[in-house]
Amino acid sequence: MNQSHTSNLIFPEVKIVEASAGSGKTYELAKRYIQLLINSNLRPDEIPLRNILAITFTHKATREMRERILEQLKKFALNAFSSSQEKQDLLNAVGLPEEAVRKKAFAIIDHIIFHYNFFQVKNIDSFINVILSGCASELKLSANFRIKEDYSAYVTYALDESIDKAAYDENIKEVFESFLKQYLFLEDLKGWFPKKNIRDILMDMFSKSNIYGGSFEKFPVHNEELIILKQQVLEILRQIHDANPEGMNKTFLTKTLRNFLSKNTHGFNIADLDKKSFLSDTLA
């Protein structure tokens, strides 16, 4: 994100920023927020906190944005920049002398502490909820209305529709057959509730799509290769069990690992490796 920055703010203005993950979007957006807060056109005692609104997609992004804004203000106030380059970059963005920025940053931090409700960095859902709350009477809504966040019924309905279409749509049928093959051979599941499993996976994918906003890609490893990799993992675990390494947690070795190997001779459910017994036990 190589952009030239100026303290001259133009209104109204629309900027579209497109960049991949980890490229510095949050840093740039937080810097833009700071530009608006420390505006050279405003009086030294004027802090436009309540007039600035930043909207993100997720709760996680909201927290990150607030943290980054406060972090940049702290760096201005305490001269605690990570590098001279970062310091110059942020000073160029606000267009004020360093001492003036330091005093203004202290004042803004105090203002945020005492007027935190005006620190408006929201995700889209909460922003719309605020608008609806303010217009509840005009929309003939109860003042205590709540937005329904449970989308499980809609996912279930979509799955039922897809199952019905599989009877005459070869493409959808092929997708279900591929899933059942993975369900039986790769996941090595003992129960027989494929519809519930499909629904749970769809719910998880829908949730991740809402959080990260990206598209899904097909896993590059084929089913047959995964089976071989699982057998290799089992062989490594058998070698660890038989070697009885010095210092290994004996409860894990004699109970958890032994039970896992006795129940899984040719394959295993990957989710079993995420269980507490595997995650909490250590070699020491």
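Exposed means over 50% relative accessible area, buried means under 20%, and partly exposed lies in between. K196 is exposed by that rule because its relative accessible area is 53%. The model discussed here is predicted.

**Overall layout**

The protein has eleven helices and two strands. Along the sequence they follow the pattern α-β-α-α-α-β-α-α-α-α-α-α-α. Of the 284 residues, 26% are buried. The protein exposes about 19,900 Å². Carbon and sulfur atoms supply 56% of that area. Among contacts between residues at least 6 apart in sequence, 65% join residues at least 24 apart.

**Nonpolar cores**

The largest nonpolar core has 25 residues. Those with the most contacts inside it are Y33, L37, I38, I69, L73 and F76. Four helices each supply at least two residues of this core: α1 (25-37), α2 (59-78), α3 (84-94) and α4 (98-114). A second, separate core has nine residues, including L234, F252, L257 and F268.

What does I38 contact, leaving aside its neighbours within four places in sequence? The partners of I38 are L73, F76, V94, L96, V101, K104 and I108.

**Helix α3**

The buried residues of α3 are E86, K87, L90, L91, A93 and V94. They sit on the same side of α3, because they cover an arc of only 155° around the axis. The cover over these buried residues includes α1, α2 and α4. The face turned away from the buried side carries the exposed residues S84 and Q85. After α3 comes G95, which has a positive phi, near 70°.

**Salt bridges**

Side chains of opposite charge can pair when their charged atoms come close. The count of salt bridges comes to twelve. Three of them are tabulated here.

| Pair | N to O distance |
|---|---|
| E98 and K87 | 2.9 Å |
| R102 and E99 | 2.7 Å |
| K196 and D200 | 3.0 Å |

The side chains of E98 and K87 meet in a salt bridge. E98 counts as partly exposed, at 39% relative accessibility. K87, by contrast, is listed with the buried residues of α3.

R102 and E99 lie within one helix. They are three residues apart in helix α4, so about one helical turn separates them. R102 is partly exposed, with a relative accessible area of 29%. E99 is partly exposed too, with a relative accessible area of 41%.

K196 and D200 belong to helix α8 (residues 194-212). Being four residues apart there, K196 and D200 are separated by about one helical turn. D200 is partly exposed, because its relative accessibility is 34%. Elsewhere, salt bridges that share partners join R68, E71, K75 and E86 into one network. E86 is also one of the buried residues of α3.

**V155 in helix α6**

V155 is found in helix α6 (residues 152-165). Is V155 buried or exposed? At 11% relative accessibility, V155 counts as buried. Not counting residues up to four places away in sequence, V155 touches R199, L202 and M203. V155 and F206 are 51 residues apart in sequence, yet their C-alpha atoms are 8.8 Å apart in space.

**A nonpolar surface patch**

Which residues form a nonpolar patch on the surface? They are L53, I55, F57, I124 and I128. Together they have about 460 Å² of accessible area. Two elements give two or more residues to the patch: β1 (53-56) and α5 (124-134). L53 lies in strand β1. L53 is partly exposed, because its relative accessible area is 39%.

Key. Residues are numbered from 1 along each chain as its sequence is written. This is a predicted model: local features need pLDDT of at least 70, side-chain atom pairs count only at pLDDT 80 or more; totals for chains, interfaces and linings use all residues. Side-chain values use heavy atoms; hydrogens and water are left out. A nonpolar core is a set of buried Ala, Val, Leu, Ile, Met, Phe, Trp, Tyr and Cys residues joined through side-chain atoms within 4.5 Å. Buried means under 20% relative accessible area, exposed over 50%, partly exposed in between (1.4 Å probe, protein chains only). Contact means heavy atoms within 4.5 Å. Patches are made of residues with over 30% relative accessible area and no salt bridge: like charges are joined within 9 Å, nonpolar side chains (Val, Leu, Ile, Met, Phe, Trp, Tyr) within 5 Å. Accessible areas come from the Shrake-Rupley method with a 1.4 Å probe; for residues, only the protein chains shown count as cover. A salt bridge is a side-chain nitrogen of Lys or Arg within 4 Å of a carboxyl oxygen of Asp or Glu. The arc is that of the directions from the helix axis to the C-beta atoms.
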